[in-house]
Amino acid sequence: MKTLQEAILRNRHNNLSVFFTAGFPQAGSTTEILGILNDSAVDFIEVGIPFSDPLADGPVIQRSGTQALRNGMSLELLFTQLGEVRNTLTKPYLLMGYLNSLLAFGIEAFYRKCSESGIHHIIIPDLPVNEFLKEHKAFADHYEVSPVFLVTPDTSAKRIHEIDKISKAFIYLVSGNTTTGNQSSIQTEAIRKITGMKLKNPVIIGFGIKDREDYLQACSLADGAIIGSAFIAMIAESKNLQKDIPGFISQIKGS
Amino acid sequence: MKSYTLISNGYYGKFGGAYIPELLFNNVDELQKSYKKIIASAEFQKKFKGLLKDYVGRPTPLYYSEALSEKYKARIFMKREDLNHTGAHKINNALGQALLAKMMGKQKIVAETGAGQHGVATATACTLLGLSCVVFMGETDIARQAPNVARMKMLGATVIPSLSGTKTLKDATNDAIRYWINHAADTHYIIGSVVGPHPYPDMVTRFQSIISKEIKIQLRKQTGESEPDYVIACVGGGSNAAGAFYHFLNSKKTKLVGAEAAGKGVHTHETAATLTIGSVGIIHGAKTYLMQNGDGQITEPYSISAGLDYPGIGPLHAFLHESKQATYLAITDLEALAAARELIHLDGIIPALESAHAFAVLPKMKFRPTDIVVINLSGRGDKDMEAYLKFIL
């Protein structure tokens, strides 16, 4: 099986990923949405672990997390759900969440469960690189799970090179200094400087990407884009996910 | 100024650190690199000391209570932080950080507030120094602390209601951090307690350490001893306690006692006694004790006192607790109210509900008659009249 990095590189400048919160709008929605996305034109999928205090997230993702927790969602339940569908999924899927969820689960247990659930990459925005290297890397390596780190247009070149060195999937470039779902304009010049750095990892742009126009702009600058809040807002409104999810993805991708 | 327990990379033992999204890396990194140097500079020290003396009204008195001493058979003093401008110790930190922000070239300040004391102190410091000020406050707290909301607005601050979570201090802190992410370039975040990512716990402790510095000098003058047998302070995030403990952290003689809020009891679900019922995790960018469920979701605290109503605790206190360098007792709402009633009737002082928790430690202790006990009276009770009218009159 090809790695996520290979898949992204093969699909250069045309990768679309979406983020959704596990357990939203219903606890059982996780597997349903994963199944629909797997059959859609999306390239890879980010599954959000709902958390009570998501510091980097704007209101849309916050609300979806609050609802998911009310629905009884937990990391334990998420791993169970992933276990049920992992053999039916052909697209790469990642986990994205906050460090406290991982710590409460147990660091080693978390990486082991990821591995058992077909998760090869995780995104933990509040896990700093040095802390990952110190406390997590041994387990992550053992269970063949690797982190994706966030960089911003203001991240120093030195740090970006360090992050590139230890990353195995892609670099998550935040569109600007913003929480998720904010209508901020993509910082074109700063992003060009980063994508021109000859990194070994592909660069995917996220935060504030909401429509086809943003997606095309991100693809013109980097290897693709991640849509979170706009996708979740669509799910929250949808009365027919089977129809609306593929529609949303095709509309963004223009396919 | 010594830093007894903070090791070089921002941890107190295993507690502390800076667990922040990359979006805040540059801001926090800039602070980490510059705060000690700026605070130590002659320019900062001159301005800060001048303001603490002539604007805040420091040094605050160290008052010997004959009535409490007689009742509890010890020599009981209280440090009168309630006499500071704006009514609590919070101004020590707000003014220090506002001055620091100004010297770092930031024009805008964001802060969170629970009861409104830190919000009022920050709005005051910003007015004085010509900085613009945004304060996040939980919608629930806005409703129950109307006079402080009016004060902040009068001082020119923009008060934004936090609508996330249960709309209290934890959520206001989340929203202040999110605002900082979105306005990173020109804004400094003035956190109100010894919580948050490194360097906040250490920086706020330094600004509050003036409390124990003065206690030492005043105690020597009044008793001939510069180290008390006990220092007692209430702990929410823990800034007044950190300040009151600081210069006694290395003392072999002084026993440090923190009072956390048990709310309706540590075995009820309505409590804020983080060290008693919490476990280690990450809250607001620091590794420390926090109240959480088995899935790592942060749970809602409860205390009659809005200032102690926080589900985490500063990493310094987590460290002092775990290394047994300080003792933390859980004080219920009713015990705090009884202590407030006693202080009002014996000494004619209406304490903040937060500070009343520290006084509630007295009946739980066994003192020797020669023991010198210093209680930090961190704030005054004007803001708590509603609760007092209901429970004390």
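**Exercise 1.** Decide why the radius of gyration of chain A agrees with that of a compact globule.

*Solution.* Start with the rule: 2.2 Å times the number of residues to the power 0.38, with the radius taken over C-alpha atoms. For 255 residues a compact globule would have a value near 18 Å, and chain A has 17 Å, so the two agree. Next, take the box along the principal axes: the C-alpha atoms of chain A fill roughly 45 × 40 × 35 Å.

This is a predicted model, in which local features need pLDDT of at least 70 and side-chain atom pairs count only at pLDDT 80 or more, while totals for chains, interfaces and linings use all residues. Residues are numbered from 1 along each chain as its sequence is written, and chains are lettered from A and ligands numbered from 1 in the order in which they are written.

**Exercise 2.** State what percentage of the residues in chain A is buried.

*Solution.* A residue is buried if 20 or more other C-beta atoms, placed from the backbone, lie within 10 Å of its own. In chain A, 51% of the 255 residues are buried.

**Exercise 3.** Describe the side of chain A that touches chain B.

*Solution.* Two residues are in contact if their C-beta atoms, placed from the backbone, lie within 7 Å. Chain A gives 29 residues and chain B gives 26. Helix 5 of chain A supplies the largest share of its side, six residues. Finally, the predictor gives the complex an ipTM of 0.94 and a pTM of 0.96.

Definitions and conventions
A residue is buried if 20 or more other C-beta atoms lie within 10 Å of its own, exposed if 12 or fewer, and partly exposed in between; C-beta atoms are placed from the backbone. Helices (H or I, at least four residues) and strands (E, at least two) are DSSP runs, numbered from the N terminus.
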